Amino acid sequence: MSELTLTIIRLGLLVLLWVFVFSVVGVLRGDIYGTRVVSRTPRRSTPPKRQPARTAADGGRPGRRQPHSTAPRTLVVTQGPLTGTTLPLREAGTVIGRNPECALVLDDDFASGRHARVFHQDGSWFVEDLGSTNGTFLGQERLTSARPVEAGAALRIGKTVIELRR
């Protein structure tokens, strides 16, 4: 082999070595500092607009019916690392899991990234498992499909117990 070929091979191996070193440093940095938390609330540059006064005649919300008084309105973590955390239910759905993009981010080793979803459909609240490894339990029963859920019902995801409340 010529001198030029050996020099090019040496430089190539040196570049590969540095790529490997930087990738190891990147992985270690991610393990030490964790994942980056992204704020989900947009910052407002202008003050919010005033809402018109709400009356009982319009159901308290413009353009919406007043929800039934026994329907759940919040999720409350009753057991687990996040005990005491409260989250309002959204009609579009509330995703629960370990993924930072979920509405309720669980700090539970037995929870999947996108573990379960609580959603509103046809005037009732439903809960469904999103294909998690360890399953979602409604009371003592493991969910296999979307099931209706009432206020006071307890959902168990790993070591975390979540209750739906009014």
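User: How many of the contacts between residues at least 6 apart in sequence join residues at least 24 apart?
Analyst: In the protein chain of this predicted model, 37% of the contacts between residues at least 6 apart in sequence join residues at least 24 apart.

User: What helices and strands are there?
Analyst: The protein chain has one helix and eleven strands. In sequence order the pattern reads α-β-β-β-β-β-β-β-β-β-β-β.

User: And what share of the residues is buried?
Analyst: Of the 166 residues in the protein chain, 27% are buried. The accessible surface is about 12300 Å², and carbon and sulfur atoms account for 56% of that.

User: Which residues make the nonpolar surface patch?
Analyst: Leu11, Leu14, Leu17, Trp18, Phe20, Val21, Phe22, Val24, Val25, Leu28, Ile32 and Tyr33 make a patch of about 1300 Å². One of them, Val25, sits in helix 1, residues 3–33.

User: Switching to Thr160. Where is it, and is it buried or exposed?
Analyst: Thr160 is in strand 11, which covers residues 160–165. Thr160 counts as buried because its relative accessibility is 2%.

User: What does its side chain make a polar contact with?
Analyst: The Thr160 side chain makes a polar contact with the side chain of Asp108, at 2.9 Å.

User: Which residues is Thr160 in contact with, leaving aside neighbours within four places in sequence?
Analyst: Asp108 again, along with Val77, Gln79, Gly80, Pro81, Leu106 and Leu155.

Notes: Residues are numbered from 1 along each chain as its sequence is written. This is a predicted model: local features need pLDDT of at least 70, side-chain atom pairs count only at pLDDT 80 or more; totals for chains, interfaces and linings use all residues. Side-chain values use heavy atoms; hydrogens and water are left out. Patches are made of residues with over 30% relative accessible area and no salt bridge: like charges are joined within 9 Å, nonpolar side chains (Val, Leu, Ile, Met, Phe, Trp, Tyr) within 5 Å. Accessible areas come from the Shrake-Rupley method with a 1.4 Å probe; for residues, only the protein chains shown count as cover. A salt bridge is a side-chain nitrogen of Lys or Arg within 4 Å of a carboxyl oxygen of Asp or Glu. Helices (H or I, at least four residues) and strands (E, at least two) are DSSP runs, numbered from the N terminus. Buried means under 20% relative accessible area, exposed over 50%, partly exposed in between (1.4 Å probe, protein chains only). Contact means heavy atoms within 4.5 Å. A polar contact is a pair of N or O atoms within 3.5 Å; within protein, one must be able to donate a hydrogen and the other to accept it, and residues adjacent in sequence count only if both atoms are side-chain atoms.
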